[in-house]
Amino acid sequence: MRFLWFLVAAALGRADYYSILGVPKSADTGEIKKAYRTLAKVHHPDKHTGDNKEEAQKKFIEIQKAYEVLSDPDKRKRYDNAKSYFSESSDDDYDENKWNHGGQSPDGGRGQTVDTVELLKQMLEKSTKQLWLLHVYSDQRHFFGPWMAHLPEDVQLGHLNVFMADDGVLQRLGVRRYPMIMIVHGGQAQPWAPSGWDYMNLVEAAMQVALRVVPYFDTVPAVESKAALEEFITWQKGGSSQLRIVHVLPSTTSMYLSVFLSALDLQGEVHVAQVGNARWVFETLNVKAKLYRGQSASVACDPVTRTCGLLPHMPQSARELREMVKMVHSGAKQLQHVLSMPELSVDSFQASCSGCSHIALLVFPREAKAADCEKPLKRFVGSCRMLRNPNTACFWTRGHDPAWQKFLGPDNVAEVQHDLRDLREGFNVVVLNSEGSEMFVYNGPAVDTHLSADRRGYQGLQAGSDGSDHKDAQWGPLKSRP
């Protein structure tokens, strides 16, 4: 029912709760309850049909809200003494004719109520990875309007009615005025009262305030030199192999909320940085592109193969960026020049191996240097992209990484680890079926010879994923299987 309250808030105008129930301000609890029951029976939606039903629904919600406030001693006291509870001026630049008129659709129902301590706690916890706008209002003074439907996809919206919320919510947030908007991020809430030109474009004004509040450059570091950019896009032994996303903006000090929010949402999945629009940037990334002044672009780089590619467009949301990352890993046509493959992990396995029948792994030697891994991985990526078997997922892993235990049954863990210890020197390719009951080993010298630009590496992988024989491979059941 509270969800529907948002749909009628703008139509309530400056309605007084006592007037809605038809009782004087001196009415006691019994009189208020009696008036509520009488009106609720008359305006209950089930007693109306057609167009009258919608009007009855609005009136019924209005009556319920008035009763909820006036029947609660604490909320009624707050309502009766609003000027003492909300001592800061709430009148500056507020135009009631703009916001409080009937027939205006608030926001199509977007947003959620934050009126209990528990709901507030949930919002603050989520704000560590999200940005929230909390609309602080009353039925008489609010900012409901179509602008809410135009907020960026990654911005969350909450609503706090100052007369219906628990007192603990108002105290925790330090609410001293309404209507206003609170910018909530990282467990902290920053109050903001729109004024003047803000009303010309409330969405843009709110986003500019948000950019001043969030820790932008902690999440999206600015890269200001060629050496720093090369370091960012290069894999260091023992370091993260996750994809690098480089946003090329008009300057290193530019701040785009879409860049911040997508980087925030994908923390732990990709590494994001930004650079200014300069010729040396594209030379360093080895990407052919020319941006005019004021233009922006986004580039994806695989740190192991050191290949980069221009994304189709600059992602405007975390959803778009995540889709583009999948395109890079899957070798989509427009990004196939980025030779990228995820390192084996629980997350990459779940993302890439939903329903796959085989897993192909390029196993790096334990002591391999980062520079030594570039060429073999490029070859392996090329071979995997040629596979006819769509049910084979390809990954790479670092030597004897314990991540193996996440993907094999307990009976096979010891056996596979033993087999890996016996692998030859250099890089090896291992193909496992999804049950972990059979393994195909493509030994080091054969990898060095056959994972090249010709089709031999592809043929070897195809043999493994098909379960067939190959002259350089060993394929059979694991000994630990009964």
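View 1. K378 is partly exposed at 28% relative accessibility. E374, at 24%, is also partly exposed. Buried means under 20% relative accessible area, exposed over 50%, and partly exposed in between (1.4 Å probe, protein chains only). The model is predicted: local features need pLDDT of at least 70, side-chain atom pairs count only at pLDDT 80 or more, and totals for chains, interfaces and linings use all residues. Residues are numbered from 1 along each chain as its sequence is written, and side-chain values use heavy atoms, with hydrogens and water left out.

**View 2. E153 and R319 form a salt bridge**. Their closest N and O atoms are 2.9 Å apart. E153 lies in the loop between β2 and β3 and R319 in helix α15, so the pair ties together parts 166 residues apart in sequence. Helices (H or I, at least four residues) and strands (E, at least two) are DSSP runs, numbered from the N terminus. E153 is partly exposed at 43% relative accessibility, and R319 is partly exposed at 40%. A network of salt bridges links E153, R319 and E323.

**View 3. K65 and D139 form a buried salt bridge**. The closest N and O atoms are 2.5 Å apart. K65 belongs to helix α4 (residues 50-70) and D139 to the loop between β2 and β3, so the pair ties together parts 74 residues apart in sequence. The structure holds 10 salt bridges.

**View 4. N161 sits in strand β3**. N161 is buried, at 5% relative accessibility. A polar atom of its side chain lies 3.0 Å from the backbone nitrogen of F163. Leaving aside neighbours within four places in sequence, N161 is in contact (heavy atoms within 4.5 Å) with Y17, K65, Y137, S138 and D139.

**View 5. The largest nonpolar core has 47 residues**. A nonpolar core is a set of buried Ala, Val, Leu, Ile, Met, Phe, Trp, Tyr and Cys residues joined through side-chain atoms within 4.5 Å. L131, L133, W147, M207, Y216 and L257 touch the most other members. Elements giving two or more residues include β2 (131-137), β3 (155-161) and α10 (202-213). The largest share, eight residues, comes from α10. A second, separate core of 39 residues includes Y17, I20, A35 and V136.

Terms used
A polar contact is a pair of N or O atoms within 3.5 Å; within protein, one must be able to donate a hydrogen and the other to accept it, and residues adjacent in sequence count only if both atoms are side-chain atoms. A salt bridge is a side-chain nitrogen of Lys or Arg within 4 Å of a carboxyl oxygen of Asp or Glu.
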